Amino acid sequence: MAFHSPFTTTVALSFSLFLSLFFTSSHSALTCASFKLPANRTYANCTSLPTLGAILHYSYNATNRTLAVAFAAEPPKPSGWVAWGLNLAGGGMVGTEAFIAIPTTAGGRTLHRYNLTSYTGIDEVKAFTFESWDFTTEEAGGVVSIFAVVAIPEKAGNATQVWQVGPAKDGKLTIHNNKPDNLQAKAALPVALVPAASGSGNSSGSGNATAPAAAGGEKSGVSERFGVGFYFGLVVALVIGVVAL
């Protein structure tokens with residue numbers, strides 16, 4: 001008959017808890033196939049973003065460097081906010097110019113433009129440092145969408161996209177969570193931002209959005225920082241420890 005010491009049981013329970021935390025996401029992931037675009041909107045491509053269960057439909061025109069996007073994500077609560085924007089310097093939140101969809105006290109949502117100047121500074125602006133137009137927001141089934149067209153300057157070849165979700169109170173923004181999914185909500189744009197003269201060929205195309213393109217791996221912020229090798233090594237170490245008991 002096998003003998004299980006209290007320590008062995010504790011290790012096994014801790015290991016199970018670790019696995020549940022690692023594999024359980026706090027956001028239900030949208031997919032390009034399940035998310036239904038409005039009938040009057042079509043995009044050439046769609047990709048799953050690596051955190052917060054968000055997706056991005058997009059079309060890119062290399063000739064004039066315009067990017068038409070439909071970003072979609074679920075806020076943490078029905079009264080929460082959703083944001084998508086660009087950091088032309090290639091960083092994270094600080095320096096991002098973002099569209100933020102905010103719930104109104106009367107119901108519905110409004111879309112505003114903000115500059116994120118610091119971790120505690122956010123300023124509403126009438127215009128970004130880059131051109132933007134045709135922007136609006138919609139909500140359906142708990143999913144908030146941001147539609148916009150942006151023109152990316154030629155000198156912004158390393159621009160990144162940044163997205164986020166967070167709570168709101170009385171129609172005002174409040175701070176988002178500091179979970180790995182929130183802290184790692186940034187990625188390279190899914191298009192090569194090179195001057196049109198180089199003959200890149202990243203034209204926007206037309207027609208309905210395609211199936212999801214690879215999103216650089218479906219990794220959470222934790223797995224990106226530590227890597228698969230770290231978790232594999234931890235599993236091996238725990239198994240060896242249990243066997244040794």
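Which residues does Phe71 touch, not counting residues up to four places away in sequence? In this predicted model, the partners of Phe71 are Leu49, Ala54, Ile55, Leu56, Val82, Ala83, Trp84, Val144, Ser145, Ile146 and Trp163. Phe71 and Trp84 are also the residues with the most contacts inside the largest nonpolar core, a group of 33 residues. Two or more residues of this core come from each of strand 2 (55–61), strand 3 (66–73), strand 4 (81–87), strand 5 (97–103), strand 9 (143–151) and strand 10 (160–166). As general background, nonpolar side chains tend to be buried together in soluble globular proteins.

A glycine also deserves a look. Gly121 sits in the loop that runs between strand 6 (109–116) and strand 7 (122–125). Its relative accessible area is 17%, and Gly121 therefore counts as buried, the cut-off being under 20%. Apart from neighbours within four places in sequence, Gly121 is in contact with Asn115 and Leu116. Val94 lies 27 residues from Gly121 in sequence, with a C-alpha to C-alpha separation of 8.9 Å in space.

Turning to the chain as a whole, the secondary structure comprises three helices and 14 strands. Of the 245 residues, 39% are buried. Among contacts with a separation of 6 or more, 61% join residues 24 or more positions apart. The accessible surface of the chain is about 13200 Å², and carbon and sulfur atoms account for 60% of that area.

Note on methods. Residues are numbered from 1 along each chain as its sequence is written. This is a predicted model: local features need pLDDT of at least 70, side-chain atom pairs count only at pLDDT 80 or more; totals for chains, interfaces and linings use all residues. Side-chain values use heavy atoms; hydrogens and water are left out. A nonpolar core is a set of buried Ala, Val, Leu, Ile, Met, Phe, Trp, Tyr and Cys residues joined through side-chain atoms within 4.5 Å. Buried means under 20% relative accessible area, exposed over 50%, partly exposed in between (1.4 Å probe, protein chains only). Helices (H or I, at least four residues) and strands (E, at least two) are DSSP runs, numbered from the N terminus. Contact means heavy atoms within 4.5 Å. Accessible areas come from the Shrake-Rupley method with a 1.4 Å probe; for residues, only the protein chains shown count as cover.
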